[in-house]
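Subject: Handover of a structure, with notes

Dear colleague,

I am passing on the structure that you will be looking after from here. Please open it next to this message, so that each remark can be followed on screen.

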Amino acid sequence: MTKQLITSALPYVNGLPHLGHLIGCLLPADVYARYLRQKGEDVLFVGGTDEHGTPSEVGAAKEGMDVAEYCKKYHALHKQMYDGFNISFDCFGGTSSDANKELTYRIFNGLDQNGYITEKITKQAYSADDGMFLPDSYVVGTCPYCGYEKAKGDQCEKCTKLLDPTELINPKSAISGSSNIEIKETKHLFLQLPKMQADLEKWIETKKGIWPDIAYTTAKKWLKEGLQERGITRDLKWGFPVPKDGFEGKVFYVWFDAPIGYIGITKECLDQKGEHWEDWWLNPDEVRHTEFMGKDNIPFHTVFFPASLRGSGEKWTEVSFLKGFNFLNFAGGKFSKSAQRGIFLDQAVAEYPADYWRYWLMANAPESDDTNFTIDLFAATINKDLNDVLGNFINRVLKMSEKNFGTHVPAQGTITTDETELYQTLNVLVADYVKYMDGLEFRKALASLREIWVAGNNYIAKTEPWKAAKTDLARAGTILNTGFNLIRLYALLNLPVMPTVAQKMLDILGLKPETVDFAGFDASSFLSFLKGGEAFTMTEPLFQKVTPERVEELKIKYKEA
RNA sequence: CGCGGGGUAGAGCAGUCCGGUAGCUUGCCAGGCUCAUAACCUGGAGGUCGUGAGGUUCAAAUCCCACCCCCGCAACCA
């Protein structure tokens, strides 16, 4: 059987994740992992934090901490937030581990031996007071074109001109503010991407029509523009030391070891369990690897990382399917940590249960374009879909049953055309749901899911069990029996997206999650699972509405203009 | 400047590849029902599909051309 490897992009450890990070990679990866596990597939879901790079060093210095300690602290906070959202990682780690160092060296040495690594002297801004070379964006000064005083060394935010740090007037370090900047020569290693261009082009071409447009077109765009050699080392202290003579004191560039982190995290995790990471990462014929990420990450996962793996001379498991997402905006603007704009994960679960957010985000996933999050849209979806359609359906079945039959599922009795028509409808809708989930078209999958819930209400409206209860109790029993079987169906279908709610629904019937493949779904037999007589537990409504008062309160709290 | 994505009813989206009387959800209006979280079910109004009285065609949201607007990218922001 094909093994299913699922990776979510690794958010940068410096800074806490918000709803945009969640929908951009973590959540859809989790939903897909849960979906496949439910089908009975062999799944390994890998995630973690990206830890190297200048932002970590700067962040640690700000908090007066050792960089490694700083990463450890934020790594734990990330994990805590993901736990709050029930992200079901099989392996969760960081990119600064020994395991990742070992793999980074292994891949680097392979690339080096195969002639894909070259040396080059470059010029770079050095800050004596900070005791370090500065990345371009950490040099600030006056823009020579428009006079803007806070232009960054890579680009002026005001006039958008691309700059070189050497052009800036009065250059200063963004870290210390020191103007004691000199341009020094320094030697670095470069990955020869141009040598791999043809190979990569051929490979990407095989993904046409299979990968989402955003993934394929982004990769094509980079290849079309022509690949350039790319520096993979930096003059920093925090990172993996470059294992090559003449490069003492230098480390690998964060983007070189970050994607290798998927492998490193897996190794660290499976070594502990006594399992073999090679079964997943050096096994391309038996592993299907699905990657999830925001659009900003796509070039690195379609060009840079595959090139590193291919050039190393080993047969690594490459990406089979790349699910890329656009960005989630917050009320028309960007989520921003510095501006305290948006909703962060710890705040979100403090307001409403994780499943509310999970449902909204998946139903509105930014698959085709950037998507706007607003409190109003959130409230409307939660109130209508979860409360009115799904929650109310469950509630009316339970109340009516209790009133007429007590706390046991009524007998199925005789099936009529009302039921067979429902079966036909469900067969079509569930087939749609499966088709969309298998194709990772989440918005459409959730629209189908909703239609399936609506079908239940439709069935109840049509069969009017409250009337049958007065004239033909057995008939009312059949209708409500079908209602309970629908609750079980809904619970199992909801499991990937809303695991907590799904479990509550199963609890009503005293059931446990089960392995079920909805491909080839047959409503007739599926809705005959509960024959009648099974005990059930009355429960309070599963969802609460977002009241108009709460909407106003949240708008003020999160500064939604 | 360039490249990529987007511009379809008040709002959020599908349809565009493979042209054939514009679809879904929400909101609004009306009706039904009254078991249920004032919920559920049905019907209706609402759009010249960014602009160009542009091109191709018997026919264009869908193909071609020009332009406008929004978002992103531009390789040391990961």
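Predicted model: local features only at pLDDT ≥ 70, side-chain atom pairs only at ≥ 80, totals over all residues.

Residues are numbered from 1 along each chain as its sequence is written, chains are lettered from A and ligands numbered from 1 in the order in which they are written, and side-chain values use heavy atoms, with hydrogens and water left out.

I begin with the RNA. Of the 51 residues around RNA strand B, those that come nearest are Pro 55, Trp 255, Asp 370, Arg 396 and Lys 399, where a residue counts as near if one of its heavy atoms lies within 4 Å of the strand. Among the atoms of RNA strand B that come within 4 Å of the protein, 72% belong to sugar and phosphate.

An N or O atom in the side chain of Lys 384 is 2.8 Å from a phosphate oxygen of RNA strand B, one in the side chain of Gln 124 is 3.0 Å from a base oxygen, and one in the side chain of Arg 443 is 3.4 Å from a sugar or linking oxygen. The elements that give two or more residues to this surface are helix H6 (213–225), H7, helix H12 (375–405), helix H14 (442–463) and helix H15 (465–471), and H12 gives the most, with 10 residues. Helices (H or I, at least four residues) and strands (E, at least two) are DSSP runs, numbered from the N terminus.

Turning to the cysteines, the structure holds one disulfide, meaning a pair of cysteine sulfur atoms within 2.5 Å. It joins Cys 91 to Cys 269, with an S to S distance of 2.3 Å, and it is left-handed because the torsion about the S-S bond is about -70°. Since Cys 91 lies in strand E3 (residues 91–94) and Cys 269 in helix H7 (residues 254–273), the pair ties together parts that are 178 residues apart in sequence. Cys 91 has a relative accessible area of 1% and is buried, and Cys 269 also counts as buried, at 13%; buried means under 20% relative accessible area, exposed over 50%, and partly exposed in between (1.4 Å probe, protein chains only).

What keeps Cys 25 from a bond to the closest cysteine sulfur? The sulfur of Cys 25 is 17 Å from that of Cys 91, which is too far. The sulfur of Cys 71 is likewise too far for a bond, at 18 Å from its closest cysteine sulfur, in Cys 25.

A nonpolar core is a set of buried Ala, Val, Leu, Ile, Met, Phe, Trp, Tyr and Cys residues joined through side-chain atoms within 4.5 Å. The largest has 162 residues, of which Leu 19, Phe 373, Leu 426, Leu 489 and Phe 518 touch the most other members. A second, separate core of 12 residues includes Ala 125, Leu 134, Tyr 138 and Ala 151. Helix H11 (residues 354–363) is mostly covered, with 10 of its 10 residues buried, among them Trp 357 and Arg 358.

Finally, some single residues. Ser 8, found in strand E1 (residues 3–8), is buried at 0% relative accessibility, and its side chain reaches the backbone nitrogen of Leu 26 at 3.4 Å. Asp 66, by contrast, has its place in the loop between helix H2 (54–62) and helix H3 (67–84) and counts as partly exposed, at 47%; the side chain of Asp 66 reaches the backbone nitrogen of Ala 68 at 3.2 Å.

With best wishes

Key:
Polar contact = N/O pair within 3.5 Å; in protein donor to acceptor, adjacent residues only side chain to side chain.
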